[in-house]
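This report covers salt bridges and strand pairing. The sequence and the structure are shown first.

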Amino acid sequence: MSSVLFVVSEEGYWGEECIEPLTTLDAHGADVTVATPTGNPPVVDERSVDPENVGEETAERVREVDETDERLNDPEPLAAVESDAYDAVVFPGGHGTEWDVNQDRDARRLLREQVAGDEGKALVVCHAVGILGFTRDADGGFLVDGRDVTGFPNAWEEGIVDEHDRMPDGRKLPYWVEDEVVAAGGNWDAELDTDTSVTVDGDLVTARGPESSAAAAEAFADELGL
């Protein structure tokens with residue numbers, strides 16, 4: 001049985017990007033643990049459970065798991081988590097990751113140790129891909145330098161923030177994922193002409209956004225040999 005750690009935002013995770021991988025890996029027999037920066041329960045982005053945005057079926061499914069899953073309701077604090085206790089780590093997306101997970105030193109430590117290890121693997125989805133713009137390897141270089149990745153593209157961000165980079169809730173978006181990952185040396189291709197976008201580069205799997213969550217979950221399960 002593979003043990004998998006989910007690092008989930010307390011500032012707003014996108015429902016499908018967490019619940020789809022979580023339930024898929026459950027179905028494949030993985031042993032899943034959830035962690036958040038402080039150890040408080042993660043918070044789902046309300047836009048991702050709005051039936052008008054995601055459809056009634058997805059909204060109900062995400063809401064049910066978010067409210068009833070014991071792992072999501074009683075997570076571990078990131079600082080208390082050791083990478084070698086897990087075979088893999090998953091970073092679900094959502095704009096909220098830009099305010100906590102992507103900037104968290106322990107989240108970056110877990111990602112670095114998983115990807116640098118001989119057997120560890122990581123799945124990073126949507127806005128969480130921004131963590132690659134801030135994570136350095138043991139030699140001080142960017143972990144993503146020279147790697148093929150996908151993630152939430154600038155072309156989509158333009159349709160969400162206003163001219164001052166403010167989100168619909170009024171918060172200013174601190175950075176754009178594509179810009180930071182490209183600046184850190186990542187080979188970026190969000191494959192905007194395709195329905196889904198999942199990139200596998202060795203022990204690093206990245207996914208573009210909500211519609212890629214199911215494909216990313218299955219690809220990651222394959223990578224884990226589940």
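## Basis

A salt bridge is a side-chain nitrogen of Lys or Arg within 4 Å of a carboxyl oxygen of Asp or Glu. By this criterion, Glu11, Asp169 and Arg171 are linked in a network of salt bridges. The structure holds 13 salt bridges.

The model is predicted: local features need pLDDT of at least 70 and side-chain atom pairs count only at pLDDT 80 or more, while totals for chains, interfaces and linings use all residues. Residues are numbered from 1 along each chain as its sequence is written, and side-chain values use heavy atoms, with hydrogens and water left out.

## Salt bridges

In the bridge between arginine 171 and glutamate 11, the closest N and O atoms are 3.5 Å apart. This pair links distant parts of the chain, 160 residues apart: arginine 171 is in the loop between α6 (154-157) and α7 (177-183), and glutamate 11 is in the loop between β1 (3-7) and α1 (15-27). Helices (H or I, at least four residues) and strands (E, at least two) are DSSP runs, numbered from the N terminus. Arginine 171 is partly exposed at 26% relative accessibility, and glutamate 11 is partly exposed at 38%; buried means under 20% relative accessible area, exposed over 50%, and partly exposed in between (1.4 Å probe, protein chains only).

Arginine 147 and aspartate 203 form a salt bridge with an N to O distance of 3.2 Å. Arginine 147 lies in the loop between β5 (121-125) and β6 (148-149) and aspartate 203 in the loop between β8 (198-201) and β9 (204-207), so this bridge ties together parts 56 residues apart in sequence. Both arginine 147 and aspartate 203 are buried.

Aspartate 45 and arginine 47 also meet through their side chains in a salt bridge, at 2.7 Å from N to O. Aspartate 45 is buried, with 12% relative accessibility, whereas arginine 47 is partly exposed at 24%.

Strands pair if DSSP finds at least two bridges between them. β1 and β4 run parallel and are joined by three bridges; leucine 5 stands opposite valine 89 in β4. β4 and β5 run parallel too, with four bridges joining them, and phenylalanine 91 has valine 124 in β5 as its bridge partner. The chain passes from β4 through helix α5 (residues 105-116) to β5 in a right-handed β-α-β crossover, a term that applies if, with the strands pointing away from the viewer, the path from the first strand over the helix to the second runs clockwise.
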